[in-house]
Structures are given as C-alpha cells and as structure tokens.
Amino acid sequence: MADRAKVCIDRTLPTASMRPQRTMRRGGRERAIAPIGKTWMNGSTLGVRFLGGTANEQATAREQAGWWGQVANLKFDFNNANNADIRIAFDSSDGAWSYVGTDCRNIPVNQATMNLGFLDGGTAAHEFGHAIGLAHEHQNPRGGIQWNEQVVIQELAKSPNFWDEETTRHNVLRKYTVDQIKGTDFDPDSIMLYFFPASWTTNGIATKANEVLSAMDKQFIAGVQMYPKLGGTVTNAVELEINAKRRTAASIGKFSEEDLFRFNAASDGRYLIDTRGPTDVVMKLFGPNNPTALIAEDDDSGIDTNALIVTDLVAGNYFVQVRHYNRANGMGNYTIKVRKL
C-alpha cells in the first residue's frame with residue numbers, strides 16, 4: 001500500500017451485487033459502516049478454517065481477528081472444521097477480499113469466503129471486518145470523497161489490482177445509499193479505509209493507510225447496532241412455545257437494541273414467525289441447530305412496520321433475532337409468536 005494502492009475486493013453474492021441488504025426499508029437516518037442485513041447473531045462463535053497459508057500467515061490472521069474479538073461480542077474458533085463459517089485462502093494472485101457478514105454462509109463449504117493474498121499492515125483485520133459485517137469506509141455516503149473517476153479507473157487497471165472498470169466502480173467509486181447502511185459518520189481513521197493518493201480525487205484530498213482499529217471502529221462494533229458485550233446471546237435466548245395460546249411479550253428501549261429468541265420445531269413443516277405492536281423491528285431466523293446459519297430475514301412484511309417470516313423448516317432448534325429499526329416509529333413494547341401452519 002505504499003507506491004501503488006492495494007485495494008481489497010468487497011465480495012457480494014451474484015444476486016446482491018451493489019444491493020447489500022435483502023430487506024426493504026422506509027425512512028432512514030444519516031449513519032466504520034455496515035450494510036443492513038449482514039450481521040451475525042450477537043454472541044455467535046464463528047468457526048474459521050484455513051485453506052493453506054504458512055504458519056506465520058495463519059498466526060497473523062489469528063492475531064488480527066482477535067482485535068475484533070476483544071471488543072465485539074463475537075468469538076472466532078480456529079477449528080478448521082469443514083463447515084466453518086469463515087474459510088481463508090492465501091492465494092497471492094487473487095488479492096485480498098472477503099464476503100460480507102452472513103453472506104459467508106451462502107458460499108459452498110469447499111470454497112473460500114476470504115482471501116489474504118497480501119498481509120500488509122492491518123489487511124487481515126480489514127478483511128475480518130468485512131467478515132463480521134462491515135463495508136468499505138470510502139463508500140460511506142457521508143465520506144465526501146470526490147473521485148477523479150478516470151484516474152481511479154486507470155490506476156486500478158494496473159498492477160497489483162488489474163481491475164476492469166466495473167470492478168473499480170463496484171469496490172471504490174460507488175457509494176452506499178443512506179438506507180442501505182447502519183453506522184457512523186465518516187471515520188478517516190477506520191481500519192476499513194484504504195490509502196488513496198490525492199491525485200485520485202478532484203479536491204486534492206488523500207486518505208491514509210490505517211493499520212489498526214480506530215476508536216470509532218471499536219465503539220461501533222461493540223455498540224447496539226452490531227455486537228454489544230452486554231447484549232443477549234444464544235445461551236440466554238428467550239424460549240418460544242410453538243402455537244402458544246398467548247403471544248410472548250417483549251420490549252426494546254433503544255435504537256437498534258436486540259432481543260434473541262429460540263424455539264424447537266419438533267417436526268418438518270411450514271412455520272410462521274411474526275411480531276405485533278407499534279415498534280418498528282427487523283427479524284432474522286437462524287438454524288437449524290446453528291445460530292450462525294441465516295435462513296431468512298424480514299423488515300416490514302407483517303402488519304404495519306412489523307416483521308413476518310413464513311418458511312418451510314426441518315425438525316430442529318431455531319434462533320430468532322429481533323432488532324429495533326427506526327427510532328421514529330415507536331420504541332417500546334411488541335409481541336412475537338411462532339406457529340406451525
């Protein structure tokens with residue numbers, strides 16, 4: 001990252017190219033950044049497998065993943081399990097890249113979800129930032145970077161990136177819209193921001209290479225929108241009875257606060273999970289028997305701003321994450337219920 005910028009690729013699924021979220025949103029607020037819909041369940045333990053790499057390369061990856069683990073309510077288990085959530089290759093011909101957050105679970109288990117083709121400075125920490133749900137800071141709509149597009153396209157077509165124009169537009173020039181992300185104002189010190197020279201911008205403003213987590217990175221990843229240490233975990237998730245006579249009452253008091261639930265599907269079938277009440281919530285369903293395997297998510301398919309998921313499930317244990325979405329639409333009580341149809 002000294003003479004010529006090395007820039008990682010923010011991998012997206014083919015069906016989600018430049019559409020980082022799967023839920024439809026209303027309203028929004030100017031808000032390190034995270035695409036909506038990519039976060040793991042709070043308190044998750046994410047399995048990690050190395051697909052090659054030297055002992056030193058693997059040690060660097062472990063160390064820098066630990067930077068996030070020290071502040072976020074997440075654990076990394078470098079167990080090399082075949083079904084690990086994060087699978088890391090070290091192909092020097094393929095640059096540095098990672099899928100974002102729970103997108104990793106949609107990649108075949110024999111394929112990498114991250115590549116560490118170079119390990120300059122904090123590269124591994126940057127890629128693990130993607131893996132836990134963070135996006136590139138230079139694509140923050142609040143960043144105000146004014147790109148000299150033709151210069152950027154020409155420079156990134158050269159070594160070591162060799163990108164075509166579309167790749168450059170996807171990974172550098174295009175900004176997220178405000179309703180696609182949650183997060184902070186632009187952070188010039190973020191580990192998720194790469195170095196760009198002043199010649200790449202029309203206003204002569206450069207960015208610097210950040211090799212460690214910034215104060216804002218740490219604050220955001222440990223905050224209520226991401227992985228708060230004091231938040232709920234799968235071990236203390238509230239049990240939901242299927243087809244209960246009464247709906248389970250819950251309450252969210254802060255913007256992006258999170259509640260966790262679990263239920264046991266005793267048999268295969270079609271199940272409905274929904275919320276009711278004035279509180280605007282977003283809901284995710286994980287399982288079976290795995291709190292990191294995302295099955296479905298929803299924002300406003302229920303009544304008014306409530307969430308509704310209807311899906312076929314096999315017998316097993318499932319986990320439901322409910323988060324507050326819009327501070328303007330009532331923070332407070334809601335109810336949740338699971339029914340077998």
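The legends below describe an overview and several close-up views of a predicted model.

**View 1. Overview of the predicted chain, its secondary structure and its confidence.** The secondary structure of the chain comprises five helices and 17 strands, and of its 341 residues 54% count as buried. The accessible surface amounts to about 14100 Å², with 49% of that area belonging to carbon and sulfur atoms. The pLDDT averages 80 over the chain, and 76% of the residues reach a score of at least 70. Over residues 9–31 the pLDDT falls below 50, although this stretch has 81 contacts in the model beyond near neighbours in sequence.

**View 2. The largest nonpolar core and the elements that supply it.** This core has 35 residues, and those with the most contacts inside it are Trp68, Phe76, Ile86, Ile88, Phe128 and Ile221. At least two residues of the core are supplied by each of β3 (45–51), α1 (55–69), β5 (86–89), β6, β7, α2 and α5 (215–221). The largest share, four residues, comes from α2. Around isoleucine 221, when residues up to four places away in sequence are not counted, the residues touched are Trp68, Val71, Ala72, Ile132, Leu134, Met226 and Tyr227. A second, separate core of 21 residues includes Leu240, Tyr271, Leu313 and Val338.

**View 3. Helix α2 and the glycine that follows it.** Helix α2 spans residues 123–131, and nine of its nine residues are buried, so the helix is largely enclosed by the rest of the structure. After the helix comes glycine 133, whose phi is positive, near 115°.

**View 4. Threonine 113 in the loop between β6 and β7.** Threonine 113 is located in the loop that runs between β6 (96–99) and β7 (114–116). The relative accessible area of threonine 113 is 0%, and the residue is therefore buried. Leaving aside neighbours within four places in sequence, threonine 113 is in contact with Asp85, Ile86 and Arg87, with Trp97, Ser98 and Tyr99, and with Cys104 and Ile107.

**View 5. The open five-stranded sheet and the pairing of strand β16.** Five strands form this open sheet in the order β9-β11-β16-β13-β14, with mixed pairing. The edge strands, each of which pairs on one side only, are β9 (238–239) and β14 (294–298). Strands of a sheet pair through backbone hydrogen bonds, in either a parallel or an antiparallel sense. Strand β16 (residues 316–324) has eight of its nine residues buried, so the strand is largely enclosed by the rest of the structure. Strand β11 (residues 258–265) pairs with β16 in the antiparallel sense over eight bridges; within this pairing, asparagine 264 stands opposite asparagine 317, and alanine 265 stands opposite glycine 316. Strand β13 (residues 281–286) likewise pairs with β16 in the antiparallel sense, over six bridges, and leucine 285 stands opposite valine 320 of β16.

**View 6. Lysine 284 in strand β13.** Lysine 284 is found in strand β13 and has a relative accessible area of 4%, which means that this residue counts as buried. A polar atom of the side chain of lysine 284 lies 2.6 Å from the backbone oxygen of threonine 39. The C-alpha atoms of lysine 284 and leucine 260 are separated by 9.7 Å, the two residues being 24 residues apart along the chain.

**View 7. Aspartate 274 in strand β12.** Aspartate 274 lies in strand β12, which covers residues 269–276. The relative accessibility of aspartate 274 is 7%, so this residue counts as buried. The side chains of aspartate 274 and arginine 276 are joined by a polar contact of 3.1 Å. Not counting residues up to four places away in sequence, aspartate 274 touches Arg247, Met283, Ala307 and Leu308, together with Thr335, Ile336 and Lys337.

Definitions and conventions
Residues are numbered from 1 along each chain as its sequence is written. Side-chain values use heavy atoms; hydrogens and water are left out. Buried means under 20% relative accessible area, exposed over 50%, partly exposed in between (1.4 Å probe, protein chains only). A polar contact is a pair of N or O atoms within 3.5 Å; within protein, one must be able to donate a hydrogen and the other to accept it, and residues adjacent in sequence count only if both atoms are side-chain atoms. Contact means heavy atoms within 4.5 Å. Two strands pair if DSSP finds at least two bridges between them. pLDDT is the predictor's confidence in each residue, from 0 to 100. Accessible areas come from the Shrake-Rupley method with a 1.4 Å probe; for residues, only the protein chains shown count as cover. A nonpolar core is a set of buried Ala, Val, Leu, Ile, Met, Phe, Trp, Tyr and Cys residues joined through side-chain atoms within 4.5 Å.
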